[in-house]
Amino acid sequence: MKSLNMQSMAKSVTARVVRLWVLGLAVASALTALPVMPAAAHGERSQQAFLRMRTLNWYDVNWSKTELNVNDEMELTGKVHVFSGWPQAVARPGESFLNVGEPGPVLIRKSAFVGEVPVVPSRRWLEIGWRSLRVPQPE
Amino acid sequence: MSASTQTGSPVGKTWKSKEEFLGCVILTDWILLVILFAVLLGSFHIHYMLLAGDWDFWIDFKDRRMWPTVAPIVAMCFAAASQSFFWTRFRLPIGATTVVLALLVGEWINRYDNFWGWTFFPINLVFPSALIPMGFWLDIVLMISGSWLVTALVGGLGWGLLFYPINWPVLAQYHQAAEIDGVLLTLADLIGFNYVRTGTPEYIRMVERGTLRTFGKDVVPVAAFFSGFISMLVYFLWWNMGKWFSTTKYLEIEEV
């Protein structure tokens, strides 16, 4: 009688262990379906700025005028180098938009071009590791 | 001797007459109503700006998919909570209209003084979305049905469906075609391009990518129905939120 009890207990414990294993495997396999993201907040900021923000480098930037009267026009030109090594902490460029910084809309933007192509709306014009401008032509 | 008796009240009385007493009560009511309006305005404004912010700020964010989805859903929260307060406490079917009116008063102060007055963005670019007819609709459904369940189902769906049509009379003119440097875009997009927003980058905006086309070209009705369905759910949740916030608690007589 006693051994029977022991046997049934052992059976139920085994069944429970098997169930736990099956459940564990199911959870583990379900977890594999989750998207893998780079871990954030683990010291990225401890890297130097040029490592974590090395994306674009603007050079030969020129303001056609630095003093303006009301209704005057001004042209801002420059070149951009896109680094081939893209920081992991920065999202890779998909659609890109050429913007400019100013303290409120004190200047009205009339046109924006990359190469000869107008970049009024967002479009895919930025490629990592650009050596020369290969701007897609407007459809 | 109290200060009030020095001005002529009978000894032991605070007020000179019943009329003076009633006048004080009415004045207090008005002060409380103004405070209530300001509290509704401030809290709803913060909520709406945090959740629908850019879609409500800019004319070129007022697209036909994200804007009619996001704006009514997040606006429903305070409309439902306010209805819960006004209806269960006072049987007044004015909750939704009052709270959206408060929001719009706050928004217009903000858009006119800050966006235009301080920063020079034209009002054409930054006027807020219309919501008041939706408030009327929700209050009328509650008034006629007397039921929060019916208001959630019928009112909530109508809330989502009404949003685009009531904004269309103002919005339509900005959807006319414009051209700049050979690129075709809407007048709204052109205004958004002209007036540079340094702190609001273009890439935040969800550009329509041609999905959601099960029903052919009609994107707005699909977005509006979806918005209506979620508004129903939000209504249930926030009606109870409003109920919880407007609980009246009484002190036990032993505690006084």
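Trainee: How do I read burial for a cysteine, taking Cys24(B) as the case: buried, exposed or partly exposed?

Mentor: Look at the relative accessible area. This is a predicted model, so every value is computed from its atoms. Cys24(B) has a relative accessible area of 31%, so Cys24(B) is partly exposed.

Trainee: And Cys77(B), buried or exposed?

Mentor: Cys77(B) is buried, because its relative accessible area is 7%. Buried means under 20%.

Trainee: How many disulfides are there over all chains?

Mentor: A search of the whole structure finds zero.

Trainee: Let me turn to the chains. What is the order of elements in chain A?

Mentor: Chain A has two helices and four strands. From the N terminus on, they run α-α-β-β-β-β. Of the 139 residues in chain A, 17% are buried.

Trainee: What pattern does chain B follow along the sequence?

Mentor: Chain B has nine helices and two strands. The pattern reads α-α-α-α-α-α-α-β-β-α-α. Buried residues make up 44% of its 256 residues.

Trainee: How do I describe the interface between the chains?

Mentor: The size of an interface is often given as the accessible area lost when the parts come together. Here chain B and chain A bury about 1600 Å² between them. Of that area, 63% is on carbon and sulfur atoms. In residues, 18 of chain B are in contact with 19 of chain A.

Trainee: How many salt bridges are there between chain B and chain A?

Mentor: The count between them is zero. Over all chains, the search finds five.

Trainee: Which residue forms a salt bridge with Asp60(A)?

Mentor: Lys79(A) does, with the closest N and O atoms 3.5 Å apart. This pair links distant parts of the chain: Asp60(A) is in strand E1 and Lys79(A) in strand E2, 19 residues apart. Lys79(A) is partly exposed, because its relative accessible area is 45%.

Trainee: Which side chain meets Lys110(A) in a salt bridge?

Mentor: That of Glu73(A), at 2.7 Å from N to O. Lys110(A) lies in the loop between E2 and strand E3, and Glu73(A) in the loop between E1 and E2, so the pair ties together parts that are 37 residues apart in sequence. Glu73(A) has a relative accessible area of 51%, so Glu73(A) is exposed.

Trainee: Now chain B. Which residue forms a salt bridge with Arg111(B)?

Mentor: Asp56(B), with the closest N and O atoms 2.8 Å apart. Arg111(B) is in helix H4 and Asp56(B) in helix H2, 55 residues apart. Arg111(B) counts as buried, because its relative accessibility is 0%. Asp56(B) is buried too, with a relative accessible area of 1%. Salt bridges that share partners join Asp56(B), Glu107(B) and Arg111(B) into one network.

Trainee: Where does Glu107(B) lie, and what does it touch?

Mentor: Glu107(B) lies in helix H4 of chain B. At 0% relative accessibility, Glu107(B) counts as buried. Leave out residues up to four places away in sequence. Then Glu107(B) touches His45(B), Tyr48(B), Met49(B), Asp56(B) and Pro128(B).

Trainee: How do I read a pair of aromatic rings?

Mentor: A pair is described by the distance of the centres and the angle of the planes. By this rule there are 20 aromatic pairs over all chains. One of them joins Phe57(B) and Phe115(B): 5.0 Å centre to centre, with 50° between the planes, which is tilted. Phe57(B) is in helix H2 and Phe115(B) in helix H4, 58 residues apart. Both Phe57(B) and Phe115(B) are buried.

Trainee: What about Trp244(B) and Phe245(B)?

Mentor: Their pair is edge-to-face, at 5.4 Å and 85°. Both Trp244(B) and Phe245(B) are exposed.

Trainee: Which residues form one aromatic cluster?

Mentor: Phe44(B), Tyr48(B), Phe78(B) and Trp238(B).

Trainee: Which ring does the charged end of Arg111(B) sit over?

Mentor: The ring of Phe115(B), 5.6 Å from its centre. Arg197(B) lies over the face of Trp58(B), at 4.8 Å from the ring centre.

Terms used: Residues are numbered from 1 along each chain as its sequence is written. Chains are lettered from A and ligands numbered from 1 in the order in which they are written. This is a predicted model: local features need pLDDT of at least 70, side-chain atom pairs count only at pLDDT 80 or more; totals for chains, interfaces and linings use all residues. Side-chain values use heavy atoms; hydrogens and water are left out. Rings of Phe, Tyr and Trp (its six-membered ring) pair if their centres lie within 6.5 Å; planes under 30 degrees apart count as stacked, over 60 as edge-to-face and the rest as tilted. Buried means under 20% relative accessible area, exposed over 50%, partly exposed in between (1.4 Å probe, protein chains only). A charge sits over a ring if NZ of Lys or CZ of Arg is within 6 Å of the ring centre and within 35 degrees of the ring normal. A disulfide is a pair of cysteine sulfur atoms within 2.5 Å. Contact means heavy atoms within 4.5 Å. Buried area is the accessible area (1.4 Å probe) that two parts lose on being put together, summed over both. A salt bridge is a side-chain nitrogen of Lys or Arg within 4 Å of a carboxyl oxygen of Asp or Glu.
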